[in-house]
Amino acid sequence: MRWILFDYGNVLSLAQPVAEAEAMARAAGADPAEFLREYWAHRLEFDRGALGPAEYWAKAAGRPLSAAELDRLIAMDAASWSHPDEGSLAILRELLERGRDVALLSNAPACVADALDELPWIAAIPHRFYSARLGLVKPDRRIYQHVAAELAADPADVLFVDDREDNVEGARAAGMRAVRYTGAPALRAHLE
C-alpha cells in the first residue's frame with residue numbers, strides 16, 4: 001500500500017450538525033423537513049457539478065433566491081461541513097509527518113471544495129480531488145480510476161477510506177483496497 005486516500009465528510013469531518021442544517025432551512029425561509037429532503041435529493045447532482053449553486057439552492061429552498069441569500073446559504077453549507085473529526089485528523093497528521101503518500105477524494109460541489117481547501121488541516125493534504133471539479137461522483141468507478149491515474153498509482157497500491165459502503169465498494173470495483181470508516185480506533189488498527 002503506497003497511497004492512503006481519505007474521504008472528507010464523516011471521515012475527516014464530523015457529520016453535518018442537524019442544528020446547522022435547520023438553520024439553513026430557516027435562512028431559506030423553508031420548512032426544515034422539506035428543505036432537507038430537497039437538499040439531499042439534488043445533492044449528488046450538485047456534487048457532480050451538473051447543478052450550479054443558484055439552481056441547487058432554489059430547489060432546496062423551493063423558490064428563487066436573491067444573491068445575498070445564495071451567498072449566505074453557500075457560506076452556511078460550507079461551515080456546516082467544517083467540523084473536524086479529531087481522531088481521524090490525528091491519524092492524518094501522523095501519516096503526513098511520517099512522509100506517507102496521502103490524498104483526499106470527496107463528493108463536494110465546487111463552492112464547498114473551495115472552502116475546504118482553505119481549512120489548514122485540509123490544505124496540508126498535497127493531493128485533493130473533488131467530484132464537482134472532475135464531473136464524476138463516488139461510487140462511480142471512473143472517479144477512482146481518474147484519481148489513481150492522477151497519482152500515477154496502480155489502484156491496488158491505494159487504500160481508500162470512506163464512511164459509506166457503496167463508496168467503498170466502488171473503490172474496490174476500480175481495483176483499490178478500501179475500508180469503511182467506523183471511527184479512528186478501527187482505522188488506526190487497520191493501518192497498523
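A salt bridge here is a side-chain nitrogen of Lys or Arg within 4 Å of a carboxyl oxygen of Asp or Glu.

First, some ground rules. The model is predicted, so local features need pLDDT of at least 70 and side-chain atom pairs count only at pLDDT 80 or more, while totals for chains, interfaces and linings use all residues. Residues are numbered from 1 along each chain as its sequence is written, and side-chain values use heavy atoms, with hydrogens and water left out.

**The sheet**

Helices (DSSP runs of H or I, at least four residues) and strands (runs of E, at least two) are numbered from the N terminus. Two strands count as paired if DSSP finds at least two bridges between them. Here, five strands make an open, parallel sheet, ordered β3-β2-β1-β4-β5. β3 (127-130) and β5 (177-180) sit at the edges with a single partner strand each, so one side of each has no neighbour in the sheet. Inside the sheet, β1 (residues 3-6) and β2 (residues 101-106) run parallel and are joined by four bridges.

**Helix α5**

Buried means under 20% relative accessible area, exposed means over 50%, and partly exposed is in between (1.4 Å probe, protein chains only). In α5 (residues 67-80), the buried residues are L70, L73, I74, M76, D77, A78 and S80. What do they pack against? The buried residues of α5 pack against α1 (18-28), α2 (32-41), α3 (43-48), α4 (53-61) and α7 (110-117).

**Salt bridges**

The whole structure has 16 salt bridges. Here are three of them:

| Pair | Closest N and O atoms |
|---|---|
| D101 and R2 | 2.9 Å |
| R43 and D47 | 3.5 Å |
| D117 and R133 | 3.0 Å |

D101 is partly exposed at 26% relative accessibility, and R2 is partly exposed at 40%.

R43 and D47 are four residues apart in helix α3, so about one helical turn separates them. R43 is buried at 6%, and D47 is buried at 7%.

How exposed are the members of the last pair? D117 is buried at 16%, whereas R133 is partly exposed at 42%. Salt bridges with shared partners join D114, D117, R128 and R133 into one network.

Terms used: The expected span of a helix is 1.5 Å times one less than its number of residues. Contact means heavy atoms within 4.5 Å.
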